[in-house]
Amino acid sequence: MRNNKLMYLILFTFIVFFSQALVNTFFPLYFDSKGWSKTQIGVFSSLGPLIGMFSTIGWGIVSDKMQTIKKIFIILLLGQFIITSILLQFDDFAIVIALMGVFFFFQQPMVPLNDTNLMLSASSFGKNYASLRIWGSLGFSFASVIFGQLTNYYGANITIYLSLIVIIITFVFVLPIQDTPGSTKKLQFKGMFRILFNSKMVVFLVLVFIMSIAHRTNDAFLAVFLREHGASNTLIGYAWMLSAASEIGAFYYLSKHGHKYKELALLTVAGIMYGIRLTIVGFTTDPYGLVATQLMHAVTFGIFLVTSLRYMQTIIPIEYRATGQAIFSAVWVSAAGLISGVVGGWIYDSWGGSMLFRLAAICGFIAAIGFAITNIIQNRNNEQYSKSAN
């Protein structure tokens with residue numbers, strides 16, 4: 001029975017990220033095939049983060065308050081299916097954007113809530129978050145190749161139909177998973193705000209926001225940038241497969257050895273690597289060279305995600321975990337995605353994709369400097385506290 005519960009959790013994580021590949025990578029290509037400008041695609045890319053900034057936190061609070069994640073998943077999937085079915089009837093930009101806004105209200109909280117579920121469930125199976133999150137990377141990797149092949153062969157117009165199919169499959173997989181309450185302690189909003197907005201959390205979220213602009217710029221515009229340089233949908237799918245597959249090695253290593261390293265030091269490394277990665281993208285025009293840069297995803301996002309969540313676990317009590325995860329996601333996905341989408345689309349149209357990625361690289365380097373300084377300050381404070389205690 002215990003093994004079955006773990007298998008259901010793994011399968012659901014796999015399919016959640018399977019669907020993320022479709023939304024993150026192939027929806028922009030779908031709208032690009034409809035003749036949308038880069039600015040319009042940027043508006044679309046920023047819409048999810050804008051809506052997610054509020055819906056992710058809102059659903060996270062509801063989850064903590066009701067002590068359920070599974071029921072929230074069911075509601076979110078039903079909402080996605082209804083809106084996607086309606087989306088098939090329209091092509092007008094204004095109507096499509098309005099419908100996508102409602103779609104993102106239900107879609108954006110899926111990954112943060114799944115991450116919370118993994119963190120809460122991992123210890124009961126003798127696992128840790130990173131070892132379970134690997135299956136999400138596998139799902140994203142497989143989906144990138146499959147959807148790349150399908151859209152390349154049948155055309156981008158099948159994207160919406162694929163979305164409906166994936167939502168149905170996800171709904172089937174959510175039914176057998178075990179619901180995991182966060183804590184028996186009652187959630188108190190006064191305590192929540194005191195914990196979530198302490199100085200450590202605020203500084204951490206500001207630096208995450210800066211570094212995430214680099215990450216979200218890559219998410220929003222790499223597929224379009226690759227197509228502009230002659231890449232097929234199949235090659236674009238392989239690019240995202242490489243990035244997702246490269247995460248697996250990072251997640252596996254950190255699941256075994258991550259505790260040996262200080263979180264802020266690791267985040268400094270991730271920021272430096274983001275800067276290097278996007279600098280290379282900004283000066284590369286060969287599509288195969290651009291695809292190769294995706295292998296650096298392991299030392300950028302692979303380090304960033306696992307280390308950030310581990311750091312948050314040290315400063316947020318378990319009864320506020322879903323809400324804390326929602327706020328973290330609202331910053332690194334929503335707020336950063338909003339800026340990178342709107343401003344990034346305008347920069348892309350005005351100065352080109354190469355300049356956009358070069359500017360995004362600067363954000364990575366700035367974040368690295370911030371994490372390094374924060375690490376130095378916290379180490380000094382800890383030393384002073386140890387001396388005073390002795």
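**Entry 1**

I am working from a predicted model. I looked up the geometry of this pair. Phe27 and Phe31 form an edge-to-face aromatic pair, with centres 6.3 Å apart and planes at 80 degrees. Phe27 is buried, and Phe31 is buried too.

I then asked which aromatic cluster holds Phe27 and Phe31. I found one made of Phe27, Tyr30, Phe31, Trp36, Phe44, Phe93, Phe103 and Phe104.

I searched the whole structure for aromatic pairs and got 30. I noted one of them, Phe18 with Phe147. This pair is edge-to-face, at 5.2 Å centre to centre and 70 degrees between the planes. Phe18 belongs to helix α1 and Phe147 to helix α6 (residues 129-154), so the pair ties together parts 129 residues apart in sequence. Phe18 counts as buried because its relative accessibility is 13%, under the 20% cut-off. Phe147 is buried as well, at 3%.

**Entry 2. The core**

Next I checked the largest nonpolar core, which has 116 residues. Which of them touch the most other members? I listed Met100, Phe204, Phe304, Phe328 and Phe371. Helix α1 (residues 2-33) gives the most to this core, with 16 residues.

I took a closer look at Phe204. Leaving out residues up to four places away in sequence, Phe204 touches Leu267, Ser308, Tyr311, Met312, Phe328 and Phe371.

**Entry 3. Salt bridges**

Side chains of opposite charge can pair when their charged atoms come close. I counted 5 salt bridges in the structure. I wrote up three of these pairs.

Asp32 pairs with Arg227, and their closest N and O atoms are 2.9 Å apart. Asp32 is in helix α1 and Arg227 is in helix α9 (residues 199-228), so this bridge ties together parts 195 residues apart in sequence. Are the two partners buried or partly exposed? Asp32 is buried, with a relative accessible area of 17%. Arg227 is partly exposed, at 25%.

Glu247 and Arg133 form a salt bridge at 3.6 Å, N to O. Glu247 lies in helix α10 (residues 233-257) and Arg133 in helix α6, so parts 114 residues apart in sequence are tied together. Glu247 is buried at 5% relative accessible area. Arg133 is buried at 3%.

Arg310 and Glu263 meet at 3.4 Å, N to O. Arg310 is in helix α13 (residues 297-315) and Glu263 in helix α11 (residues 263-282), 47 residues apart, so I logged this pair as a link between distant parts of the chain. Glu263 counts as buried, with 18% relative accessibility.

**Entry 4. The surface**

I moved on to the surface and found a nonpolar patch. Its members are Ile339, Val342, Val343, Trp346, Trp351, Met355, Leu359, Ile362 and Ile366. Together they have about 810 Å² of accessible area. The elements giving two or more residues are α14 (321-351) and α15 (353-389). Which element gives the most to the patch? Helix α14 does, with 5 residues. I checked Ile339, which is in helix α14. Ile339 is partly exposed, at 35% relative accessibility.

**Entry 5. A loop residue**

Last, I looked at Gln67. Gln67 is not glycine, yet its phi is positive, near 60 degrees. Where is Gln67 placed? I located Gln67 in the loop between α2 (38-66) and α3 (70-87). Gln67 is partly exposed, with 24% relative accessible area.

Note on methods:
Residues numbered from 1 in each chain as written. Heavy atoms only, no water. Patch = residues over 30% accessible without salt bridge, like charges linked within 9 Å, V, L, I, M, F, W, Y side chains within 5 Å. Areas by Shrake-Rupley, 256 points an atom, 1.4 Å probe, with all protein chains shown as cover. Salt bridge = Lys/Arg side-chain N within 4 Å of Asp/Glu carboxyl O. Helix = DSSP H or I, 4+ residues; strand = E, 2+ residues; numbered from the N terminus. Buried < 20%, exposed > 50% of the residue type's maximum accessible area, 1.4 Å probe, protein only. Core = buried A, V, L, I, M, F, W, Y, C linked by side-chain atoms within 4.5 Å. Contact = heavy atoms within 4.5 Å. Phe/Tyr/Trp six-rings, centres within 6.5 Å; stacked < 30°, edge-to-face > 60°.
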